[in-house]
Amino acid sequence: MNRDQRFVALVVLRARADGCVPLDGLGLALAMGFPLDSLACALVSTDAEKSAPVLAQQTGAAVLPVSGPGLPGAGALQLAVLLQGIMERLGCGLALFGPGLWAMETAPVLAALRGAAFVPGVSGVSRSPVRGFSFLRPVMNGKLNLSLRAGGESAVCTVTAGAFSFSRPPDAPPGRVIGPGVIVSGSGPRWRPVSESPSDPGLTQADVVVTAGRGVGAAENMAMIEDTAALFARSAVAGSRSACDAGLVPVSRQVGMTGKSVSPKLYLACGVSGARQHTCGFSGASFVAAVNRDPAAPIFRVSDICIQEDLTRFLPELVRICKEARQKA
């Protein structure tokens, strides 16, 4: 391949288990108005070296095979790193994926590596001379369509299954295989799982979970949360998403839809607003108590005890009273 040759977009195609290669990504590329000779297709398949010439003849596109013995075990991070290298090598600013779980795992990682916009589930596209591309994607279980625009020159998109079909244009140039292909020889970089410390019993084993929310405010107030948890023998400190995003609590201790689900005997929510995304994470708790100075906080609707008070006043007093009671006992 000519090293000076540049392509507008990389269309990532992956063969299914039956050997068929969905061409939805190529359909999106043509809907965006790109001519075939401006597109490069990365064919990800265990037999890509053999099937790449067939695909090139079928589509009229330039096909780069990505194969090798390490492909079956390659994870999203390894594939994204490989595709990033291909895009730099070919000069592509856009990456277009077909539908499927593999695409939803790999595409956002590639976008993160490139610092590019990520547009998932594209079902329609339009182009304005002034505003550039606008992508449509279904939301609310398909009841509405959301219009999105990429904020920069680089973007990574996935396609809604069945939204785009591909048919080779009658004036398409002859397809060809470009190379050298990419060989996946072994396991590359993988995700490092986030795990709890062996000395930490974890949230799921705790009888009492004391959770910090956005209302905790400053990091120095976390000492109050920890002191409160220390009152109980089998306890753990957790956080809402807001608290974890703010760095108050490690992400591994997030409770909610995007975190962990817990079922303690007592769940004490401190400064937690009570969004549904969080409350679903402790729906199995036997008893829920909440401390919040906002009387209209949604957390009070799902709490057995509602304490309307500033946590910086209530928690120290709670700790003091409990310690004094233990000394007298």
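User: Among contacts in the protein chain between residues at least 6 apart in sequence, what share joins residues at least 24 apart?

Analyst: The share is 62%, where a contact means heavy atoms within 4.5 Å. The model is predicted, with local features needing pLDDT of at least 70 and side-chain atom pairs counting only at pLDDT 80 or more, whereas totals for chains, interfaces and linings use all residues. Residues are numbered from 1 along each chain as its sequence is written, and side-chain values use heavy atoms, with hydrogens and water left out.

User: Why is Pro72 called exposed?

Analyst: Pro72 has 62% relative accessibility, and the classes are set at over 50% relative accessible area for exposed, under 20% for buried and partly exposed in between, using a 1.4 Å probe and protein chains only; Pro72 therefore counts as exposed. Its place is in the loop between strand E3 (62–67) and helix H3 (76–90). By that classification, 46% of the 329 residues of the protein chain count as buried.

User: Why is Val66 put in its accessibility class, and what does Val66 touch?

Analyst: Val66 has 2% relative accessibility and therefore counts as buried. This residue belongs to strand E3 and, not counting residues up to four places away in sequence, touches Ala42, Leu43, Val44, Ser45, Ala48, Leu71, Ile86, Val182 and Val184. Val66 and Met87 are 21 residues apart in sequence, and their C-alpha atoms are 13 Å apart in space.

User: What makes H3 largely enclosed by the rest of the structure?

Analyst: Eleven of the 15 residues of H3 are buried, so this helix is largely enclosed. Among the buried residues are Leu83, Ile86, Met87 and Leu90, and also Gln78, Gln84 and Arg89. The buried residues of H3 pack against E1, E2, E3, E4, H4 and strand E11 (182–183). Just after H3, Gly91 takes a positive phi of about 75°.

User: Which residues of H8 are buried, and why are they placed on the same side?

Analyst: Leu311, Leu315 and Val319 are buried in H8. They cover an arc of only 60° around the axis, which puts them on the same side of H8; the arc is that of the directions from the helix axis to the C-beta atoms. Arg313, Gln327 and Lys328 are exposed on the other side of H8. What covers the buried residues includes helix H5 (222–229), strand E14 (266–270) and strand E15 (287–291).

User: What span does H8 reach, and what is expected?

Analyst: H8 (residues 311–328) has 18 residues and reaches 26 Å from its first C-alpha to its last, close to the 26 Å expected at 1.5 Å a residue. The expected span is 1.5 Å times one less than the number of residues.

User: Is His278 buried or exposed, and what is in contact with His278?

Analyst: His278 has 6% relative accessibility and therefore counts as buried. This residue lies in helix H7 (residues 276–279) and, leaving aside neighbours within four places in sequence, is in contact with Thr211, Gly239, Ser240, Val255, Gly256, Tyr267 and Val272.

User: Why is Thr158 put in its accessibility class?

Analyst: Thr158, in strand E9 (residues 155–159), has 2% relative accessibility and therefore counts as buried. Not counting residues up to four places away in sequence, Thr158 touches residues including Phe97, Met104, Phe118 and Val122.

Technical notes:
Helices (H or I, at least four residues) and strands (E, at least two) are DSSP runs, numbered from the N terminus.
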